[in-house]
Amino acid sequence: MDDKQKPQTIAQKILACHCGRDHVSEGEIINADVDIVLGNDITLPIAIEEFNKIGTGKVFDRDKIVVVPDHFAPNKDIKSAQQCKFMREFAREQDIKNYFEIGKMGIEHALLPELGLVLPGNLIVGADSHTCTYGALGAASTGVGSTDVAVAMATGKLWFMIPRTIKFMYSGDLRKWITGKDLILHTIGLIGVEGALYKSMEFSGSAVSKLSMDSRFTMSNMAIEAGGKFGIFEVDEITEEFLKFRSDGNYKIFRSDPDAEYEKIYNIDCSDIKLQVAAPHLPSNAKNAEDLKDINIDQVVIGSCTNGRMEDLKISAEILKGKKVDKNIRVIIIPATQNIYLEALKKGYIETFINSGCVVSTPTCGPCLGGYMGVLAEGERAVSTTNRNFVGRMGHPGSEVYLSGPAVAAASAIAGRIATPEEVI
Amino acid sequence: MIIRERTIKYGDNVDTDVIIPARYLNTSDDRELASHCFEGLDRDFKEKVKEKKIIIAGNNFGCGSSREHAPLSIKTSGVKAIIAASFSRIFFRNSINIGLPVISSREAADFIQDGDELEVDFSSGRIKDITRDKVFNINPLPEFIQGIIKSGGYINFVKEDLNK
């Protein structure tokens, strides 16, 4: 069969469409037009310096650049303040519409979908590895570095190698409390931290067709933790419902051909999956939470681009309602955007958290990467709904992070050790 | 280009948090970043790199964050090349974009030991382990990527392209 007749995956179709072609072949390098270019307060300052060296003066399209100070903002120290200031001035000079100041800002990967800035069929790059989150909307979206963002801001184009695709078919009914976080930790545990290196991950099957958008964002978000380039869901009624009030419907839906070629297909029965925890120091160290009950903790973090959305806060509030957090631990809850914060407030979740003894923070990436707002001391241990548990990720190189979904995190907050909801409710 | 240097060997999954912990990402000053390079993994790196300027590593080198600060801090520390069994996608891309030579070779990464003296010929794609007298031939990178390297990084490559 000639390459032009070969069936294609969703990743191939989106990349082909963005370089004006019908077909692209795996391994081929293309120069493609990007729809959205994203930067934050850590990565954009270097990108701006590199952008200035290119010498185009203006960005290629001021409406297609998104700038979010979220990692060390609200400014954690003088140097961070300088970085944020540099970025803010650039956004003003370039008249960038989608610059989100404190007060409007949220964690970037929760904020962009919430505002309808990223849509199905888009090709999106961001100088943040978790840019793969938008795959949940049927987009080809991936993290790149600052130099790539500089080039994309100047020219609107970037080089891409066409990836092979691994398909994950999830079937069966989810057990109580199981969310996208448990499915993705289980999956990374199955294939390893480089199981999808350079590959596009495609999530499908009867079980994901019932998953909420929030759970899908969590799964796409962590595609990078298996080395993945994209983590894509096909658009369905749940996606369309999410987009109904967020877009004017002006987007293109791509689907993989039924006979598309996959490098591998994994069939995963979700009815077997119990609440998951990834032990230090790799996201692939997935274990059943019930097997880690003797692990004492010092801190719980519920938030981040992985699990700071409404579903996560709802589950946490359900478990924490009327309970007190263990007297020996600190619990930090970070709604990912201002809108999520406000909705959680209206629903009474914030009151529940405060009454339980948690602190609730303004949106920031803060503790996830050991920036601020919950840095760990030597020998301390946290259960966290974030995405990485590398050495020193949340603070001292001698501290430890156990990754979980919101149910285990909230239950552990009450128990003062790793726990499941059944133990505390 | 041919380089002759000694090696520092690390293991699998060397992540960007140990290469440059996030608490130092409040600057883009390359000298300052280099002063914290590998702080989460090897406190002696700063001393070692004075004598040894090629890093050898296992699988998935540079996994984790997209922070270009990671390859930048390694390059500014004086490292001339990284040879790993495999690289994380973003780290590999970032290194090429900033002109830090990265070579993917499982065979070479497994064989070469800490402290070995290597001769690396980037144009012919040949790694010679002088200490152990063994030669490895590297698969050439795609032509497009070689073009970026020849221009000395992605920014120069794009500038040349825009001036055509």
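Here's a quick briefing on the fold of chain A and on some aromatic ring pairs.

This is a predicted model, where local features need pLDDT of at least 70, side-chain atom pairs count only at pLDDT 80 or more, and totals for chains, interfaces and linings use all residues. Residues are numbered from 1 along each chain as its sequence is written, chains are lettered from A and ligands numbered from 1 in the order in which they are written, and side-chain values use heavy atoms, with hydrogens and water left out.

**Overall shape of chain A**
- Along the principal axes, its C-alpha atoms fill a box of roughly 60 × 50 × 40 Å.

**Burial and contacts**
- In chain A, 64% of the 425 residues count as buried (under 20% relative accessible area, 1.4 Å probe, protein chains only).
- Take the chain A contacts with a separation of 6 or more: 75% come from residues 24 or more positions apart (contact means heavy atoms within 4.5 Å).

**Aromatic rings**
- Over all chains there are 16 aromatic pairs (Phe, Tyr or Trp rings, using the six-membered ring of Trp, with centres within 6.5 Å; planes under 30 degrees apart are stacked, over 60 edge-to-face, the rest tilted).
- One of them is the tilted pair of Phe87(B) and Phe92(B), at 5.6 Å centre to centre and 50 degrees between the planes.
- Phe87(B) is buried at 0% relative accessible area, and Phe92(B) is buried at 13%.
- Over in chain A, ring pairs join Phe168(A), Tyr170(A), Phe203(A), Phe233(A) and Tyr266(A) into a cluster.

Technical notes
Buried < 20%, exposed > 50% of the residue type's maximum accessible area, 1.4 Å probe, protein only.
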